[in-house]
Amino acid sequence: MKQLRIKVLVGLFLVMGILAWAGARLWDSFGTLPSVPVAAPIVLALIAAVLAATAFSLRSRLRAQRERRPGAKGVEPLVAARAVVFGQASALVASLVAGLYGGVGAFLLTSGVDDARSSQAVYAGLSVVAGAGVIAAAIFLERVCKLPEGEEGDDGPGATRA
């Protein structure tokens, strides 16, 4: 499984931001731009919290397993792999969503600030920050689940040692 690349996530963010800015500008010229949902930053923050909680839980379990503590509950390799895939998918989607709201927020800020548009720009900015939190939590989860050097041996990648 390939690791997430920050350049790819930044590229997705920028491309989506530019497309969203252009789309918002076009949409606003034909009618009223849809509002940024209040729930957008809340949902993204919840996803970031779930990813971070999963990472901290797996980190403590993996540390106990590596130190061979008595009664330590190990981590199944498939569980760790699923967590990493969930984190990577969340980071990719969060970079797209953050770019979308970043582009809309940039349009709202540059098109003239009134009370309604300023509150929408705040929600869009909070969504970008929450999206960055999802990306940070996903990268942390990926680093937690990475096999330490020397773990891949004759048994094959991902094999546990007894």
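This is a predicted model: local features need pLDDT of at least 70, side-chain atom pairs count only at pLDDT 80 or more; totals for chains, interfaces and linings use all residues.
**Exercise 1. Determine how helix α2 and helix α3 are arranged relative to each other, and which residues make their contact.**

Two packed helices are described by the angle between their axes and the distance between the axes. Because angles over 145 degrees count as roughly antiparallel, α2 is roughly antiparallel to α3. The handedness comes next, and here α2 passes α3 in a left-handed crossing. On the α2 side the contact is made by Ala40, Leu44, Ile47, Val50, Leu51, Thr54 and Leu58, while α3 contributes Ala83, Phe86, Gly87, Ser90, Val97 and Tyr101. Sorted by class, the contact has 10 nonpolar residues, 3 polar residues and no charged ones.

**Exercise 2. Decide whether Gly87 is buried or exposed, and find what surrounds this residue.**

Gly87 is located in helix α3. Its relative accessible area is 1%, and since buried means under 20%, Gly87 is buried. When neighbours within four places in sequence are left aside, Gly87 is in contact with Leu51, Ala138 and Leu141. One of these partners, Leu51, also belongs to the residues of α2 that make the contact with α3. A further distance concerns Ile139, which is 52 residues from Gly87 along the chain, with 7.4 Å between the two C-alpha atoms.

**Exercise 3. Classify the geometry of the ring pair formed by Phe56 and Phe140.**

A pair of aromatic rings is described by the distance of the centres and the angle of the planes. For Phe56 and Phe140 the ring centres are 5.2 Å apart and the planes stand at 55°. Stacked would require under 30 degrees and edge-to-face over 60, so this pair is tilted. The pair links distant parts of the chain, as Phe56 lies in helix α2 and Phe140 in helix α4 (residues 115-145), 84 residues apart. Phe56, at 45% relative accessibility, is partly exposed, and Phe140, at 27%, is partly exposed as well.

**Exercise 4. Work out whether Glu142 is buried or exposed, and which residues it touches.**

Glu142 is part of helix α4. With a relative accessibility of 5%, Glu142 counts as buried, because the cut-off for that class is under 20%. Not counting residues up to four places away in sequence, Glu142 touches Lys2, Gln3, Leu4, Val84 and Gln88.

Key
Residues are numbered from 1 along each chain as its sequence is written. Side-chain values use heavy atoms; hydrogens and water are left out. Axes are lines fitted to C-alpha atoms, for helices over the stretch in contact, and angles run from 0 to 180 degrees between N-to-C directions. Helices (H or I, at least four residues) and strands (E, at least two) are DSSP runs, numbered from the N terminus. Angles under 35 degrees count as roughly parallel, over 145 as roughly antiparallel, 65 to 115 as roughly perpendicular and the rest as oblique. A crossing is left-handed if the near helix is turned anticlockwise from the far one by less than a right angle, and right-handed if clockwise. Contact means heavy atoms within 4.5 Å. Ala, Val, Leu, Ile, Met, Phe, Trp, Tyr, Cys and Pro count as nonpolar, Asp, Glu, Lys and Arg as charged, and the others, Gly among them, as polar. Buried means under 20% relative accessible area, exposed over 50%, partly exposed in between (1.4 Å probe, protein chains only). Rings of Phe, Tyr and Trp (its six-membered ring) pair if their centres lie within 6.5 Å; planes under 30 degrees apart count as stacked, over 60 as edge-to-face and the rest as tilted.
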